[in-house]
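Subject: Structure handover and findings

Hello,

Here is the structure I promised to pass on. Please open it next to this email.

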Amino acid sequence: LNEHFQRLTDRCMLPMGMRYDYYLKIETMPQWYEPLIDMLDLRDEASWGWDYTSYWRPAINGETPDKCFYTPPGKTCKDMFNYPAPESKAIHTIKRRMNE
C-alpha cells in the first residue's frame with residue numbers, strides 16, 4: 001500500500017512500542033494550536049514567513065494565504081498573535097503533567 005494511504009498509526013512507531021505522552025487531534029486544532037504555540041514560545045516562527053503561494057497553499061480569490069502557518073476558522077494571523085492567548089484545557093493538562 002502506498003505510504004500516503006497507510007494508517008497514521010503504522011507510521012508513528014506505535015506498532016514498535018513507541019509511547020506518546022499526549023495526542024493532539026487534528027479535529028480539535030482550533031482549540032489547542034494557539035495555546036501550544038505560546039507554550040512552546042513559537043509565536044515568531046508561526047506568525048510570519050508563510051505568505052507564499054504554491055500547489056499546496058493556493059491563492060484564494062486572488063489573495064495570497066495568511067502569513068501565519070495556521071489560523072483557526074474565523075481568525076486572521078493578526079487577530080491570533082496580537083493578544084495573550086487563552087490557555088486551553090489541553091495545554092493546562094500538559095503543563096500540570098510536566099510539573100508532576
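Below is what turned up in it, going from the overall fold to single residues.

Overall picture

Please keep in mind that this is a predicted model. The protein has five helices and zero strands. Read from the N terminus, the order is α-α-α-α-α. There are 100 residues, and 21% of them count as buried. The accessible surface comes to about 8300 Å². Carbon and sulfur atoms hold 56% of that surface. For contacts between residues at least 6 apart in sequence, 44% join residues at least 24 apart.

The core

Which residues make up the largest nonpolar core? Eleven do: M29, W32, Y33, L36, I37, A46, C68, Y70, C77, M80 and F81. Two elements, α2 and α4 (77-81), each give two or more residues to this core. Helix α2 supplies the largest share, with five residues.

Beyond its neighbours within four places in sequence, I37 is in contact with L42, R43, A46 and F81. Of these, A46 and F81 are listed in the core as well.

S47

S47 is in the loop between α3 (43-46) and α4. Is S47 buried or exposed? S47 is buried, because its relative accessible area is 15% and the cut-off for buried is under 20%. Setting aside residues up to four places away in sequence, S47 touches K67, C68, C77 and F81. C68, C77 and F81 belong to the largest nonpolar core.

Salt bridges

How many salt bridges does a search of the whole structure find? The search finds two.

One joins the side chains of E34 and K75, at 3.0 Å from N to O. E34 sits in helix α2 and K75 in the loop between α3 and α4, so this pair ties together parts that are 41 residues apart in sequence. E34 counts as buried, at 4% relative accessibility. K75 is partly exposed, with a relative accessible area of 29%.

The other pairs R43 with D38. Their closest N and O atoms are 2.3 Å apart. R43 counts as partly exposed, at 21% relative accessibility. D38 counts as partly exposed too, at 25%.

The surface

Which residues make the nonpolar surface patch of about 570 Å²? They are M13, M16, M18, Y20 and Y23. Y23 is in the loop between α1 (8-11) and α2 (29-39). Y23 is exposed, because its relative accessible area is 58% and exposed means over 50%.

Where to look

Begin with the core, where α2 gives five residues. Then turn to E34 and K75, which meet in a salt bridge. Finish on the nonpolar patch that includes Y23.

Best wishes

Conventions
Residues are numbered from 1 along each chain as its sequence is written. This is a predicted model: local features need pLDDT of at least 70, side-chain atom pairs count only at pLDDT 80 or more; totals for chains, interfaces and linings use all residues. Side-chain values use heavy atoms; hydrogens and water are left out. Helices (H or I, at least four residues) and strands (E, at least two) are DSSP runs, numbered from the N terminus. Buried means under 20% relative accessible area, exposed over 50%, partly exposed in between (1.4 Å probe, protein chains only). Contact means heavy atoms within 4.5 Å. Accessible areas come from the Shrake-Rupley method with a 1.4 Å probe; for residues, only the protein chains shown count as cover. Patches are made of residues with over 30% relative accessible area and no salt bridge: like charges are joined within 9 Å, nonpolar side chains (Val, Leu, Ile, Met, Phe, Trp, Tyr) within 5 Å. A salt bridge is a side-chain nitrogen of Lys or Arg within 4 Å of a carboxyl oxygen of Asp or Glu. A nonpolar core is a set of buried Ala, Val, Leu, Ile, Met, Phe, Trp, Tyr and Cys residues joined through side-chain atoms within 4.5 Å.
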